Amino acid sequence: MLWGSATLALPVVSIVKYKKNGETEYTQAAVRAIADLKRQGGGTLTYPAGQFVQGPVEITGSGISVQGAGLGRTFLIRNAQRGYAFWANQKQRVFILDLSIDCDKSPIEGGIYFGGCTASGADRVSIQNADASTFVVENQLFNAGNSTAVSDRNVFRNCRASGQKRYHEVGGKSPFIAGGYARNTRFESCTVTDCVGDAFDSDNAPGTVFVRCVAQNTKGISPYAGFWSEGEQTDSDHRVTWNACKSVGYRVGFGVSERVKAAIQNGEAENCVNAVKGLHYQYRIVITNFTARKCGKGLEATDTDGVLTFSGPVTLTKVRTLNTVARNSFSNYGGGTSTKEETIIGPGCDFDKDAYISYENSGSRRITVDGATFRGSNIRYYNGQLTELLVKNSQFIDGGIVGARIKQSRITAGSRFRTTDSTKTAIQLSLDSYNTTVDNATFEGYNQVSNNAKVGTGVRQTNRRQPR
């Protein structure tokens, strides 16, 4: 994407030249300047360093940029009129650059709205104190009833939202949102600080990508999500990717629901209740290289909710929990039935708290644990009578497996159990009727391998823990 004027031949004009004597605000100056640029086929409207009081301004032509003198240098102060500082419907190549906007006096709407726009965006824009919406990309046109148009390939880079005051109770939106069928929206290196609402949202917006974005709440735990994606519509392929994103201080760090196809890569959640929550979703969530740190407060006593919690299939690779205070919850529905797809806890996963893989569960599902590590933690299940568990190539350090009632489980393929507590049983089972088989595994330091499992070939047990 080319930021700024579409070609070097297009005009560059200053807002100052369009302000008339006696005008105390710059709203009409901006309207006149944009109309002039539209007549010339596009161009750039510049704001010098300083403060400019202004109401809502529609960008009525394609190929028009609004450019300030830089963050912290150009300040637009919104007046008390309702509306967005800048908005555009069905335009192409519209850009907002290098300025700060204070929306403290403006009701409901906030900073920037692109309705049905293409190849447009913002770079190095800071918006503070919006009432109930800040950066918005939608197919829904603004102030045009129910009219819609295709929104595609819009990009927000290096943008900041802080201090948004309200959310859904006034029809508001997340500080950063791609919604209503907007396609292929990218948010790159954007930050949300101390805003009300889910910080970053993809709501039925196919192809939304978040890269190096940070959601941070510095005032306790926000009751919302740092990153959230949902969409029940059946006529869109709603895919969302979070890459190198971080959520700090939220009820949910990363959340997925309904028909979203989500991927989380190189992410982090810190001081959140749920680091990742998959709730009533239909498609596999794929998480690679993710860390949950200091999460889980308030979930210590729950059985079907956790730091990492999923009500459907998920594939985890190199997912770690560090200094967490609550368990993890996989394929838990509290008695409901759900998918038959396999959940995979894969290579490089490293948990410091228990993983509940099935609890009072009546739905069919398979759980594979392959190459994971449990440090001082256990795999637990209860009443997963249609659940099949396979553990292979995994290690348990001062932990084990604790369960009651399961359709079938097998521990095999080089799995290793180690402890310094010689009173422990590695695999503690009850009400199981020997549905668990152990073979080709090593047990070091335990009192016994299992109290109620079939022990097959290739099982090695030593009374003392061997050197690592």
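Which residues does K424 touch, not counting residues up to four places away in sequence? The contacts are D398, G399, T419, Y446, N447 and Q448. This is a predicted model.

**K424**

K424 sits in the loop between β39 (415–418) and β40 (425–430). Its relative accessible area is 27%, so K424 is partly exposed. Its side chain reaches the backbone oxygen of D398 at 3.0 Å. D398 is also one of the residues that K424 touches. D303 is another matter: K424 and D303 are 121 residues apart in sequence. In space they are 23 Å apart, C-alpha to C-alpha.

**D194**

D194 is also a loop residue, placed between β16 (191–193) and β17 (200–203). Is D194 buried or exposed? D194 is buried, yet it has no salt bridge. K219 is the nearest side chain of opposite charge, and it is 4.5 Å away. A salt bridge needs the side-chain nitrogen within 4 Å of a carboxyl oxygen. The side chain of D194 does have a polar atom 2.7 Å from the backbone nitrogen of T218. Leaving out residues up to four places away in sequence, D194 touches G163, Q164, Q216, N217, T218 and K219.

Strand β9 covers residues 112–115. Both of its faces are covered. I112 and F114 lie on one side, Y113 and G115 on the other, and all are buried. Strand β31 covers residues 342–345. Its covered face holds T343 and I345. E342 and I344 make up the uncovered face.

| Strand pair | Sense | Bridges | Residue pair |
|---|---|---|---|
| β7 (residues 86–89) and β9 | parallel | four | A88 and F114 |
| β9 and β11 (residues 135–138) | parallel | four | Y113 and V136 |
| β29 (residues 314–322) and β31 | parallel | two | T315 and I344 |
| β31 and β34 (residues 365–370) | parallel | four | E342 and R366 |

In β9, F114 stands opposite A88, and Y113 stands opposite V136 of β11. In β31, I344 is the bridge partner of T315. E342 has R366 of β34 as its bridge partner. Both I344 and E342 are on the uncovered face of β31.

Notes: Residues are numbered from 1 along each chain as its sequence is written. This is a predicted model: local features need pLDDT of at least 70, side-chain atom pairs count only at pLDDT 80 or more; totals for chains, interfaces and linings use all residues. Side-chain values use heavy atoms; hydrogens and water are left out. Buried means under 20% relative accessible area, exposed over 50%, partly exposed in between (1.4 Å probe, protein chains only). Two strands pair if DSSP finds at least two bridges between them. Contact means heavy atoms within 4.5 Å. A polar contact is a pair of N or O atoms within 3.5 Å; within protein, one must be able to donate a hydrogen and the other to accept it, and residues adjacent in sequence count only if both atoms are side-chain atoms. Lys and Arg count as positive and Asp and Glu as negative; His and the chain ends are not counted.
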